[in-house]
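Me: Hi! I'm new to this one and would like a quick tour. Could you walk me through it?

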Amino acid sequence: MLSPKQLADVEDFAATLSAPQKLWLSGYFAGLAAQESQGGQGAPAQSSAPVTPARVIYFTESGNAERLAHEAMALAKPFGINATVEDAADLSVDDIVSAGNLLLIASTFGEGTPPSRCEDIFASLMAHEGSAAGLSYAVLALGDRAYKDFCAVGIALDEKLHALGAKRLHPMLKADVDFEAPASHWLGEVLPLFAKANTPAEYPSPTAPKPFAAAKAPAFASSAKIKAKLKANTTLSGARSLGDVRHIELSLSANLFYEPGDALDVYAHNDPALVAELRALSQCESAQLEARDVQTITPDALRLFAERAPKFDAPRDLGALHWIDVLSQHPTRLSAQDWQNLTRPMPPRAYSIASARAEAGDQEVHLTVAPVRYEAQGRARAGVASCFLADRVARGSMLEVRLRPNKHFRLPAHDVPIIMIGAGTGVAPFRAFLQQRLHERRAHGATGTARLFFGQRSFLQDFLYQLDWQAFRKAGVLTHFHGAFSRDAPQKIYVQHKILEHGAAVMEDIDKGAHVYVCGDAKAMAPAVKDSFARLFVAHKGLSESAAVDAVKGLERARRFVLDVY
Amino acid sequence: MNEDHHRDAAVPARSPNEGIKQNSEGLRGTLAHALPDELTGALSDDDGILVKFHGMYLQDDRDERAGRMRRRLDKAYAFMIRLRLPGGVCSPAQWQTLNAIADAYGNGTMRLTTRQTFQFHGIIKHNLKATLKTIDGALLDTLAACGDVNRTVMAAPDPERSALHKAAYELAKRLSDAFLPQTGAYREIWLDGEKIIHTPDPLYGETYLPRKFKIGIAVPPYNDVDVFTQDLGFVALSEAGGKKGAALKGWNVLVGGGMGTTHGDSETHPRLGSVLGACAPDAALAFARAVITVQRDYGNRTVRKLARTKYTIDRLGAPAFKQLVEERAGLALMPPQEVAFLHNRDRYETVKGDDGRLYKTLFVENGRLTAPMRAAMVRALPHVEEIRLTPNQNLTLVCRTAKDLALAEAALAEDFPAASRLRAAAMACVALPTCSLALAESERYLPTLITKLEGLLAAHGLEDKPITVRMTGCPNGCARPFVAEIGFVGRALGRYDMHLGGDASGARLARLYRQNLSEEEILALLAPLFERYARAGAKPSFGDFALEHAVF
């Protein structure tokens with residue numbers, strides 16, 4: 001198909017490419033081929049003037065969608081697309097459905113819910129009844145197959161825009177937690193379509209650079225995996241605690257320029273005992289399962305499994321089932337390749353970083369990890385990553401990690417008051433915050449007030465990092481501490497109760513421009529905290545209930561009320 | 001010089017506690033400010049001293065100490081809260097309230113003390129106010145249950161001589177109320193009471209007493225309150241030698257008893273109260289006030305371990321002390337009456353009082369009421385009219401009728417098992433893990449040792465001999481080991497000094513027999529003594545026998 005020279009050029013060029021770049025190029029060529037087959041122009045024009053406007057709008061929780069949006073913008077440039085990147089949380093429905101080229105990148109969070117900051121715009125968009133004709137769009141949906149409603153938000157957005165009459169340029173991509181490669185490939189297909197679609201006649205033809213010129217563009221893995229050595233694994237919970245929370249210290253093999261608020265992706269390996277059991281049950285000693293997700297079972301995988309196990313009657317509800325449950329019920333011979341097809345690579349698990357570089361140095365990261373242990377399907381279950389860190393990585397041995405930046409969860413200037421609200425291990429980033437403030441205090445002589453609301457079960461047994469907080473207060477960087485210990489008295493006290501109890505002081509902080517940070521449980525705590533702030537606006541500012549809710553939303557839009565919940 | 005505020009110009013620097021008391025603004029200190037601090041379960045050192053006057057000790061769980069710092073946790077600080085319960089009398093309704101506190105805020109247990117009151121352990125700082133408000137709701141308080149003041153006043157719970165008990169109990173209550181610190185601090189800090197302008201305490205002044213002050217009232221022929229161990233003791237004198245139905249005639253007055261010593265400090269020692277004389281029934285309050293003010297003004301304020309009344313009376317001499325007391329009371333003491341005590345134990349048989357009610361004492365090992373025991377008590381309460389805490393860490397139920405008592409006993413039987421006479425007469429202080437003074441185990445260890453002693457005694461057919469065994473984890477002497485027939489005083493983990501030869505009525509000090517003994521050594525030393533005691537016909541009491549025959 002190729003001339004010897006072409007082939008040699010390609011091979012030479014390929015040798016310079018990283019894996020994501022190769023994937024991106026595969027999509028790029030596929031896109032070019034699609035254009036040609038639709039009667040489009042052959043090779044893209046060589047003009048480098050960006051002329052096609054496009055908007056990249058993201059719905060992000062942890063920052064992945066946002067990061068992808070910026071990557072997409074950079075990737076679009078060589079195609080002559082002048083893309084802007086916008087956060088859906090900052091937009092109105094009209095902003096989104098108005099005519100133009102639209103690339104939507106949308107994360108689904110937990111059980112099919114939109115990112116917390118985007119709840120309003122998502123709801124408004126779903127309720128919208130106007131027309132979106134004149135809009136050309138494509139949706140890149142991010143999700144996690146371990147959850148039931150995989151990519152639900154992206155799917156809903158894709159269908160809604162279609163229903164509103166917008167033009168779907170390309171089938172949506174539903175990307176799992178290892179989204180980088182598929183997203184790279186998909187964008188390679190989609191961007192040329194944007195370049196072509198809706199292009200006003202008077203504009204020059206969509207342009208793209210020579211394929212080889214794009215070589216420097218894609219690099220989604222914005223931070224690479226690095227090796228880390230487990231330096232310390234100490235229990236933070238008291239000897240009589242009902243829980244078990246660990247303080248994990250990692251020494252990194254390279255500098256990692258993390259900021260307070262960032263998270264660290266940990267690449268866990270499965271429990272060898274579990275792997276051995278799976279191998280035995282599938283009579284496949286060669287199965288490479290250490291770094292595969294052997295919990296999540298997708299419908300596709302189930303169909304594949306049913307082919308290997310003819311007597312297998314697929315259970316209706318897969319929700320709580322892991323492969324070990326299925327296989328122990330139906331031991332079935334599988335090949336190593338079957339296992340490859342049945343499972344996805346182990347997704348990394350993100351932990352909020354509990355240290356600041358200013359204190360820990362560029363090659364050390366602290367994490368706060370609660371090993372997940374429970375019983376299900378008659379078996380003891382252990383959280384893959386949490387128990388990997390807590391139980392299986394010996395001190396001094398290595399593991400792989402990667403920085404996961406969390407741009408929304410950042411400290412303000414050193415003199416701005418902060419209110420930190422964390423339950424359980426959700427208090428981790430606040431240790432990083434206060435370490436940073438310690439550093440800032442040394443530099444500036446003073447720091448803004450810092451108020452910490454901490455929720456846990458027992459004051460005596462579960463007061464994570466109690467001595468650290470005491471030291472922060474002594475140093476002047478923690479000015480107010482409010483503990484909500486739910487099991488210490490007959491009346492269960494949670495952080496929201498403490499927020500209300502100290503409402504006047506909290507609102508004073510807000511008046512002084514305080515930034516509010518909420519970290520921890522997404523299901524119960526985060527909504528309760530939001531609600532408590534709305535109640536403070538009612539009680540202390542005389543706002544109506546709806547105005548108070550708006551006031552909290554206003555803080556969110558101003559990025560003064562941010563969540564890192566899970 | 002104002003006699004009431006006598007100060008010896010030659011005394012060296014006062015003990016630091018004196019300054020803390022003086023600067024406390026009527027026991028307030030910085031408590032109101034410290035309580036809302038949720039970052040620590042502790043108090044400042046000064047507040048830690050002041051909070052005792054409010055009836056609580058800051059402690060930490062010593063079992064947990066090791067490793068907490070590595071876990072980035074502060075010590076497991078929690079409070080012991082002690083009630084002021086003169087005479088140890090409480091109503092079933094009050095019991096209910098206190099019982100609920102153990103679950104809501106405490107560690108699930110209630111502790112009956114050697115001074116007839118309740119203690120809760122494991123109450124964290126953030127629950128103190130709620131606990132004290134609950135106690136206040138039951139018309140009870142904790143003020144002056146600890147600290148350098150007159151503590152809760154003991155009174156023999158004697159069931160048979162109801163008239164004398166009534167007199168003893170009423171005196172206990174009067175004394176306890178009369179000598180309460182007059183400060184608004186308690187209501188202000190714990191009960192959200194209004195802030196009252198501080199004025200010096202009319203009785204105690206700004207520095208209160210040099211040390212704790214204990215009063216006990218005995219009703220012969222029983223010395224269950226261990227009247228000889230009290231700073232101030234009253235012994236009920238009655239007509240007809242204390243027969244049933246007898247009325248009160250007056251009180252013998254004893255001064256200067258006390259148990260506390262310090263290991264290795266020969267200046268400290270246990271002491272039995274000196275009988276100063278006797279007084280009329282209605283003169284007790286005046287004499288008590290006089291004794292307290294003499295101790296206030298003459299007690300040692302430079303060396304705390306020499307500050308108890310016993311050292312003051314030793315220093316002044318009993319005649320001089322007596323003269324000061326008489327001057328201040330404006331009354332002369334009469335000659336004391338000879339009184340004979342039978343013993344200082346509790347009696348477990350059902351007793352009918354001369355008020356017609358039925359009295360049943362339940363054995364509570366070391367005073368520790370566990371959750372099942374508390375639950376059983378709650379089931380029994382509907383049939384109970386009154387509850388008395390005994391000086392031996394036990395409970396006396398007062399029932400109107402035999403049917404009531406039967407119902408109450410049925411509710412309790414399973415969770416209050418009977419014990420051997422040895423066990424039923426034994427006492428131990430709390431010690432580890434909560435008491436900060438403890439050098440050795442006490443409450444958690446004595447039951448094991450008793451089991452082994454039971455074996456030794458049974459081997460010689462002595463299982464029915466009532467011998468008082470008492471143990472404390474330190475030489476402070478809360479379980480009054482220095483007047484026991486066999487007293488164990490902790491020196492270090494697993495090591496005890498053994499004292500022998502107290503008499504059965506608590507009227508004689510035991511003598512130090514051997515120091516620093518392991519359990520093995522204790523048993524090896526007692527076995528031959530028991531054997532010889534058995535061979536001697538197990539007479540007279542073991543304390544008497546040991547004093548005579550053991551080689552000290």
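Me: Let's begin with two helices. In which hand does H4(B) pass H11(B)?
Reply: The crossing of H4(B) and H11(B) is left-handed. Keep in mind that this is a predicted model.

Me: And at what angle do helix H4 and helix H11 of chain B pack?
Reply: Helix H4 (residues 92–104) and helix H11 (residues 371–380) of chain B pack at an angle of about 155°, and their axes are 11 Å apart. That makes H4(B) roughly antiparallel to H11(B).

Me: Thanks! Switching to charges, how many salt bridges are there over all chains?
Reply: The count comes to 88 salt bridges over all chains. As background, side chains of opposite charge can pair when their charged atoms come close.

Me: Which residue forms a salt bridge with A:Lys498?
Reply: That's A:Glu501, with the closest N and O atoms 3.4 Å apart. Both belong to helix H16 (residues 495–501) of chain A, and because they are 3 residues apart there, about one helical turn separates them.

Me: Is A:Lys498 buried or exposed?
Reply: A:Lys498 is buried, at 8% relative accessible area, while A:Glu501 is exposed at 53%.

Me: What about chain B, where B:Arg368 and B:Glu443 meet in a salt bridge? Which parts does that pair tie together?
Reply: The N to O distance for B:Arg368 and B:Glu443 is 2.6 Å. B:Arg368 lies in strand E13 (residues 368–369) and B:Glu443 in the loop between strand E16 (427–428) and helix H14 (446–459) of chain B, so the pair ties together parts 75 residues apart in sequence. B:Arg368 counts as buried at 16% relative accessibility, and B:Glu443 is buried at 12%.

Me: Which residues are linked in a network of salt bridges?
Reply: A:Arg240 is linked in such a network with B:Asp61, B:Asp63, B:Glu64, B:Arg68, B:Glu441 and B:Arg444.

Me: New topic: where is B:Arg111?
Reply: B:Arg111 sits in strand E4 (residues 110–112) of chain B. It is buried, with a relative accessible area of 2%. Its C-alpha atom is separated by 14 Å from that of B:Met56, 55 residues apart along the chain.

Me: Last one: which residues make a nonpolar surface patch of about 230 Å²?
Reply: A:Leu2, A:Leu7 and A:Val10 make that patch. A:Leu7 is found in helix H1 (residues 4–15) of chain A, and at 40% relative accessibility A:Leu7 counts as partly exposed.

Definitions and conventions
Residues numbered from 1 in each chain as written. Chains lettered and ligands numbered in written order. Predicted model: local features only at pLDDT ≥ 70, side-chain atom pairs only at ≥ 80, totals over all residues. Heavy atoms only, no water. Patch = residues over 30% accessible without salt bridge, like charges linked within 9 Å, V, L, I, M, F, W, Y side chains within 5 Å. Areas by Shrake-Rupley, 256 points an atom, 1.4 Å probe, with all protein chains shown as cover. Salt bridge = Lys/Arg side-chain N within 4 Å of Asp/Glu carboxyl O. Helix = DSSP H or I, 4+ residues; strand = E, 2+ residues; numbered from the N terminus. Buried < 20%, exposed > 50% of the residue type's maximum accessible area, 1.4 Å probe, protein only. Axes fitted to C-alpha atoms, helices over the stretch in contact; angles between N-to-C directions. Parallel < 35°, antiparallel > 145°, perpendicular 65-115°, else oblique. Left-handed = near helix turned anticlockwise from the far one by under 90°.
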